[in-house]
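Please look over the sequence and the three-dimensional model shown here before reading the notes on salt bridges that follow.

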Amino acid sequence: MDAVNGGPRRTAGIVIASTRAASGIYPDTSAPVISGWLAEQGFEVFQTHVVPDGEDVHDALQSLLNRHPAVIITSGGTGLSTDDLTPEMTHPLLEREIPGIMEAIRAAGGAKTPTAALSRGYAGVSGRTFVLNLPGSAGGIRDGLAVLAPLLRHICDQLEGSHEH
């Protein structure tokens with residue numbers, strides 16, 4: 001149960017786009033940060049995929065979308081390297097974009113590092129699922145989650161059909 005509203009806990013999925021972590025070269029450290037933050041927000045993370053950059057990101061997203069979570073957060077693959085394709089894998093799955101979220105995330109990151117402007121992620125909706133691409137860096141993840149914190153409950157309420165404020 002969700003301690004905040006007494007109803008069932010909302011579910012979430014995570015996709016980490018990292019060729020090196022997926023191949024076991026080093027452990028993924030992003031998913032635990034995102035998962036812990038989602039738990040603090042009252043979400044139950046039911047699945048995490050750590051996949052290589054590229055087409056596997058699309059497949060992992062589609063697999064999660066088929067389970068209709070309230071939220072999917074990705075991390076990694078939003079930069080300019082040739083295999084950074086998370087935005088290209090995400091965009092076709094979105095029915096509606098929410099560009100203001102990405103603008104706010106880039107602005108928050110840009111206050112600390114100019115390279116935040118290079119993140120190419122998307123925020124949007126597929127069905128009743130909110131999807132967000134975060135950068136792979138620890139700072140980028142923290143900045144993105146800080147921007148999302150005051151918005152997430154309202155996003156989910158609206159997608160579930162509640163228009164109360």
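With which residue does Lys112 form a salt bridge? The partner is Asp143, and the closest N and O atoms of the pair are 2.6 Å apart; a salt bridge here is a side-chain nitrogen of Lys or Arg within 4 Å of a carboxyl oxygen of Asp or Glu. The model is predicted, so local features need pLDDT of at least 70 and side-chain atom pairs count only at pLDDT 80 or more, while totals for chains, interfaces and linings use all residues. Residues are numbered from 1 along each chain as its sequence is written, and side-chain values use heavy atoms, with hydrogens and water left out.

**Lys112 and Asp143**
- Lys112 lies in the loop between α5 and β5 and Asp143 in helix α6 (residues 138-148), so their contact ties together parts that are 31 residues apart in sequence; helices (H or I, at least four residues) and strands (E, at least two) are DSSP runs, numbered from the N terminus.
- Lys112 is exposed, at 63% relative accessible area, whereas Asp143 is buried, at 10% (buried means under 20% relative accessible area, exposed over 50%, partly exposed in between, with a 1.4 Å probe and protein chains only).

**Arg10 and Asp157**
- The count of salt bridges comes to four, and one of them joins Arg10 to Asp157, with the closest N and O atoms 2.5 Å apart.
- Because Arg10 belongs to strand β1 (residues 10-17) and Asp157 to helix α7 (residues 152-159), this pair ties together parts that are 147 residues apart in sequence.
- Arg10 and Asp157 are both buried.

**Glu88 and Arg120**
- A salt bridge links the side chains of Glu88 and Arg120 at 2.7 Å, N to O.
- Glu88 is partly exposed, at 37% relative accessibility, and Arg120 is also partly exposed, at 25%.
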